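Please work through each task before reading its solution.

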Amino acid sequence: MTSPSQNAPLPAAFAVPQSGELTSRAHPEPPHPYRTPFARDGARVLHAKAFRRLAGKTQVFTRLPGEQAGDHFRSRLTHTLEVAQIARTLALALGLNVELTEALALVHDIGHPPFGHAGEKALDKALQAHGLTFDHNLHALRIVTWFEERYAAFRGLNLTLAVREGIVKHSRDYSSVTHPELAAYFLDQHPPLEAQLIDLADEVAYLAADLDDGLDSGILTLDQVREGVPLFRTFNDAVRADEPVAATRLTISETLRRILNALVTDLMQEVRNRVRTSHLQTLDDVRRAPHRIVTLSPAMESERAAAKTFLYANLYNSPGMEELHRHAEAVVEGVFQRLITDPSLLPEDHRVLIGTEGLARTVTDYIAGMTDAFIEQFWSRTDH
């Protein structure tokens with residue numbers, strides 16, 4: 001049983017404040033009369049075209065081989081909304097800046113190309129042949145600072161420094177040696193706890209969601225998951241004992257609900273524990289700590305890692321999924337080569353960037369913005 005102090009929020013000094021350097025924008029704007037800077041950022045992301053396009057981008061899969069797209073499998077958009085819900089819960093319980101956390105959750109996947117990770121892998125491979133790489137975090141930064149056009153006074157969404165830093169650093173660290181263009185984002189420091197939360201909220205969300213979609217699709221069987229994921233089996237046994245006559249689909253849903261609750265609770269308690277044992281007092285302490293603070297406990301991290309290993313072996317890289325991955329790679333690589341060969345197929349607003357960005361990067365930017373359906377249509381009407 002936890003004590004009340006174990007569930008208490010962190011001191012206010014750990015939260016990113018609603019004013020100061022981290023609320024600054026590349027293009028100064030007057031304050032809003034009743035919305036905070038980070039609430040405005042969240043709204044700007046929510047209303048962005050790139051955000052809406054996430055509805056048409058694969059998370060893990062949207063259809064089974066040879067079948068039409070399913071209505072209930074997660075898209076990149078619904079996954080993002082689930083991450084936002086979990087991240088808000090964590091931020092609220094920990095006493096962090098909830099509006100900043102929500103804005104970061106909403107924007108965290110906005111840079112993903114079509115076809116999920118298979119599409120990202122194919123796009124990166126095509127770009128490497130031109131001496132470049134594709135990174136969805138850095139592409140997200142390009143989207144919010146340049147490609148979105150909604151304002152007469154500037155290009156991009158003009159998001160706060162805190163959100164732009166979080167876009168870059170929420171899931172990994174960058175070196176100023178290899179990425180001098182990112183110098184403004186405090187590369188020698190860890191991001192605030194609000195940004196660190198996003199990476200783990202993402203992990204928690206897709207672990208439960210991918211088990212759910214895998215079982216719902218029939219790619220995974222219940223016996224297979226019970227055998228391969230000890231965390232699932234433990235909670236599933238408890239649900240079966242509590243609800244012996246419930247339908248199987250409902251016991252699965254209840255199991256996944258309990259898993260989510262256990263992961264989120266463990267994460268909150270581990271953050272509080274690491275803050276205490278590391279003797280941290282302020283946001284600056286978090287930034288300069290020897291390691292990131294937001295993580296699961298060792299025992300729960302072991303459970304998560306085992307579940308993720310199972311998903312890679314039995315869902316992400318399963319025979320049926322490999323067929324979809326090969327198709328995705330063929331489409332992305334085919335469209336990339338077609339555009340490299342004939343840049344006149346690019347829309348005018350992209351063609352004008354070739355002189356400054358180079359042809360390969362411009363082609364990549366165009367493809368990364370496509371939905372699954374759009375790139376399929378483009379591929380089918382051009383030579384391949």
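**Exercise 1. Determine how the axes of helix α6 and α7 are arranged, and which residues meet.**

Step 1. In this predicted model, the axes of α6 (residues 136-147) and α7 come within 7 Å and cross at roughly 155 degrees. Helices are DSSP runs (H or I, at least four residues) numbered from the N terminus; axes are lines fitted to C-alpha atoms over the stretch in contact, with angles from 0 to 180 degrees between N-to-C directions.

Step 2. Angles over 145 degrees count as roughly antiparallel, and α6 and α7 are therefore roughly antiparallel to each other.

Step 3. With contact taken as heavy atoms within 4.5 Å, Asn137, Leu138, Ala140, Leu141, Val144 and Thr145 of α6 meet Arg164, Ile167 and Val168 of α7. These residues divide into six nonpolar, two polar and one charged (Ala, Val, Leu, Ile, Met, Phe, Trp, Tyr, Cys and Pro count as nonpolar, Asp, Glu, Lys and Arg as charged, the others, Gly among them, as polar).

Numbering runs from 1 along each chain as its sequence is written. Local features need pLDDT of at least 70 and side-chain atom pairs 80 or more, whereas totals for chains, interfaces and linings use all residues; side-chain values use heavy atoms, without hydrogens and water.

**Exercise 2. Describe the largest nonpolar core.**

Step 1. A nonpolar core is a set of buried Ala, Val, Leu, Ile, Met, Phe, Trp, Tyr and Cys residues joined through side-chain atoms within 4.5 Å, where buried means under 20% relative accessible area (1.4 Å probe, protein chains only).

Step 2. The largest such core has 88 residues, and Val163 and Leu211 have the most contacts inside it. Helix α8 (residues 193-217) gives the most to this core, with 12 residues.

Step 3. Beyond its neighbours within four places in sequence, Leu211 touches, among others, Leu220, Leu256 and Phe310.

Step 4. A separate second core has 24 residues, including Phe115 and Phe134.

Technical notes: Helices (H or I, at least four residues) and strands (E, at least two) are DSSP runs, numbered from the N terminus. Angles under 35 degrees count as roughly parallel, over 145 as roughly antiparallel, 65 to 115 as roughly perpendicular and the rest as oblique. Buried means under 20% relative accessible area, exposed over 50%, partly exposed in between (1.4 Å probe, protein chains only).
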